[in-house]
Amino acid sequence: FLEKPGWPRDPGVARSRLPLAQSMKLLIVVDGVRHEVVAAGSYTVAELLQRMGSTCLSGSVDGVLSLGNLILPADGTTLSDANVADRDRLILTTIASPTALGKALAALGSASATLERFEAAVAAGDAPHEEELTRLFELVDAAPLDGLSEAQRGECRRRRKAIVARLEALSARAAAMPTTCQ
């Protein structure tokens with residue numbers, strides 16, 4: 001695979017898009033390993049990652065997909081709407097990646113997993129101690145953002161805000177639970 005001049009294409013440059021139903025071949029690099037994937041322009045980023053998890057990679061994939069310096073949105077935007085074209089080279093950074101973004105994603109993923117355990121405990125009627133919630137807030141706030149591009153920082157901020165919103169809601173539910181002292 002030889003890279004052509006101007007490759008990868010600048011995602012900010014308008015170019016003709018394929019019809020949504022037409023398939024496109026994409027080269028997706030995951031931790032230095034290249035995967036050729038055929039995807040429809042109507043796929044969302046989440047659908048593409050789900051398909052990659054079931055075909056190319058083992059298990060589910062939690063990561064950030066980028067086209068050049070552009071982080072592809074995971075909000076339901078289709079690949080075609082995100083300006084991904086046939087033969088584009090995308091980079092998938094996962095929580096296992098030894099990069100600055102991989103480390104930040106791993107820290108936020110760990111905080112999210114802890115939060116899920118706390119949410120299950122509250123649903124079962126067992127509220128976590130206030131100090132544990134405070135430590136989790138601190139862990140989310142301390143996610144390493146050094147060495148990230150502005151787009152990567154933006155993605156980490158988006159994930160961090162989602163975790164903080166869930167954590168604040170959990171904290172309110174836990175505070176409203178009756179306490180029993182023995």
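Entry 1. I was working on a predicted model, and my search for salt bridges returned 5 of them in the structure.

Entry 2. Because Glu119 belongs to helix H2 (residues 100-123) and Arg166 to helix H4 (residues 150-176), I noted that the pair ties together parts lying 47 residues apart in sequence. I then checked accessibility: Glu119 is partly exposed at 22% relative accessibility, and Arg166 is likewise partly exposed, at 28%.

Entry 3. I turned to Glu150, whose salt bridge partner is Arg157, the closest N and O atoms being 3.1 Å apart. Here I recorded Glu150 as exposed, its relative accessibility of 55% being over the 50% cut-off, whereas Arg157 is partly exposed with a relative accessible area of 33%.

Entry 4. I next looked up Glu155, which forms a salt bridge with Arg158 at 2.6 Å between the closest N and O atoms. The two residues are 3 apart in helix H4, so I noted a separation of about one helical turn. Which side of the burial cut-off does Glu155 fall on, buried or exposed? I found it buried, since its relative accessibility of 9% is under 20%, while Arg158 is partly exposed at 42%. I also noted that salt bridges with shared partners join Glu155, Arg158 and Arg159 into one network.

Technical notes. Residues are numbered from 1 along each chain as its sequence is written. This is a predicted model: local features need pLDDT of at least 70, side-chain atom pairs count only at pLDDT 80 or more; totals for chains, interfaces and linings use all residues. Side-chain values use heavy atoms; hydrogens and water are left out. A salt bridge is a side-chain nitrogen of Lys or Arg within 4 Å of a carboxyl oxygen of Asp or Glu. Helices (H or I, at least four residues) and strands (E, at least two) are DSSP runs, numbered from the N terminus. Buried means under 20% relative accessible area, exposed over 50%, partly exposed in between (1.4 Å probe, protein chains only).
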